[in-house]
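Okay everyone, thanks for coming. I've got one structure to walk through today, so let me put it up on the screen.

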Amino acid sequence: VKESWTGFSDQPQYDNARKIGEALINAFVDESDEGVDEVHIVYTRFRSMLVQEPHSVRMLPLEVVEGEEKPADDEVLPLYEFEPSADEVLDALLPKYVQSRIFYALLQASASELAARQKAMKSATDNADELIKKFTRIANQARQAGITQEISEIVGGVNALADATAGSE
């Protein structure tokens with residue numbers, strides 16, 4: 001690991017993604033031994049409040065994905081003219097693409113972290129509520145047993161007095 005970025009997962013800003021993107025692109029275009037051949041980004045992808053999954057994407061070099069539908073035989077493919085040149089357009093768009101994908105990954109990771117925290121807090125709250133119910137029942141049973149014991153002692157005392165007064169007559 002050549003460099004890492006931490007400390008902004010709670011509220012990621014686009015400026016953070018821009019700085020990360022610039023560093024990654026510089027490392028990718030660096031032709032020396034310090035450069036890298038591929039750039040992959042691994043993050044936690046948010047699916048739902050209950051499901052977050054690890055996800056890996058190769059950022060650089062870009063993968064060319066061909067469309068599945070082939071043009072009809074009579075269809076004329078559009079010709080594109082780039083002004084400035086295609087290389088200059090791609091050089092200008094590549095950093096913006098990488099930065100936006102990094103920002104997307106930061107937002108996904110942030111949402112996943114928030115969902116996991118909320119799920120953990122809900123679980124802790126449910127467990128605490130269950131413990132409160134359990135210990136309230138135990139306290140009520142102990143209190144009821146104490147009351148029953150006192151009533152038994154009072155009834156036993158009354159019976160003993162009744163027997164003592166009946167025996168003296």
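Before I point at anything, here's a term I'll need: a polar contact is a pair of N or O atoms within 3.5 Å, and within protein one of them has to be able to donate a hydrogen and the other to accept it. Also, please keep in mind that this is a predicted model.

So, with that term in hand, let's go to Ser112, which sits in helix α2, residues 86–168. A polar atom of the Ser112 side chain lies 3.2 Å from the backbone oxygen of Thr44. Is Ser112 buried or exposed? Buried: its relative accessible area is 3%, and the cut-off for buried is under 20%. If you skip the neighbours within four places in sequence, Ser112 touches Thr44, Arg45, Phe46 and Gln52.

Staying on α2, have a look at Gln99. Gln99 is buried too, with a relative accessible area of 8%. And which residues does Gln99 contact, leaving aside its neighbours within four places in sequence? Those are Tyr14, Ala17, Arg18, Gly21 and Glu22.

That brings us to helix α1, which runs over residues 14–29. Helix α1 has 16 residues and spans 22 Å from its first C-alpha to its last, close to the 22 Å expected at 1.5 Å a residue. Its buried residues are Asn16, Ala17, Ile20, Gly21, Leu24, Ile25 and Ala27. Those residues cover an arc of only 160° around the axis, which means they lie on the same side of α1. For anyone who wants the background, an α-helix has 3.6 residues a turn, so residues three or four places apart point the same way.

Glu3 and Ile20 are 17 residues apart in sequence, and their C-alpha atoms are 9.6 Å apart in space. Glu3 itself is partly exposed, at 48% relative accessibility.

How much space lies in the largest pocket? About 600 Å³. The lining of that pocket takes in 26 residues, and nearest its centre are Trp5, Ile20, Leu24, His40 and Ile41. Among the elements, α1, β1 and α2 each put at least two residues into that lining.

There's a cavity as well: searching the whole structure turns up one of 30 Å³ or more. The largest cavity holds about 30 Å³ of space. Around that cavity you'll see Ile41, Tyr43, Val57, Met59, Arg101, Tyr104 and Ala105. Two or more of the lining residues come from each of β1 (39–46), β2 (52–60) and α2. The biggest contributor is α2, with three residues.

Next, the backbone. Most peptide bonds are trans. The one joining Leu60 and Pro61 is cis, with omega at about -10°. You can find Pro61 in the loop between β2 and α2.

From Asn140 to Ser152 is 12 residues along the chain, and their C-alpha atoms are separated by 18 Å.

Technical notes
Residues numbered from 1 in each chain as written. Predicted model: local features only at pLDDT ≥ 70, side-chain atom pairs only at ≥ 80, totals over all residues. Heavy atoms only, no water. Helix = DSSP H or I, 4+ residues; strand = E, 2+ residues; numbered from the N terminus. Expected span 1.5 Å × (residues − 1). Buried < 20%, exposed > 50% of the residue type's maximum accessible area, 1.4 Å probe, protein only. Arc of directions from axis to C-beta. Contact = heavy atoms within 4.5 Å. 1 Å grid on protein atoms, 1.4 Å probe; cavity = no way out; pocket = protein on both sides within 12 Å on 5 of 7 lines; lining within 4 Å. Points joined across faces, edges and corners; volume = space filled by probe spheres on them.
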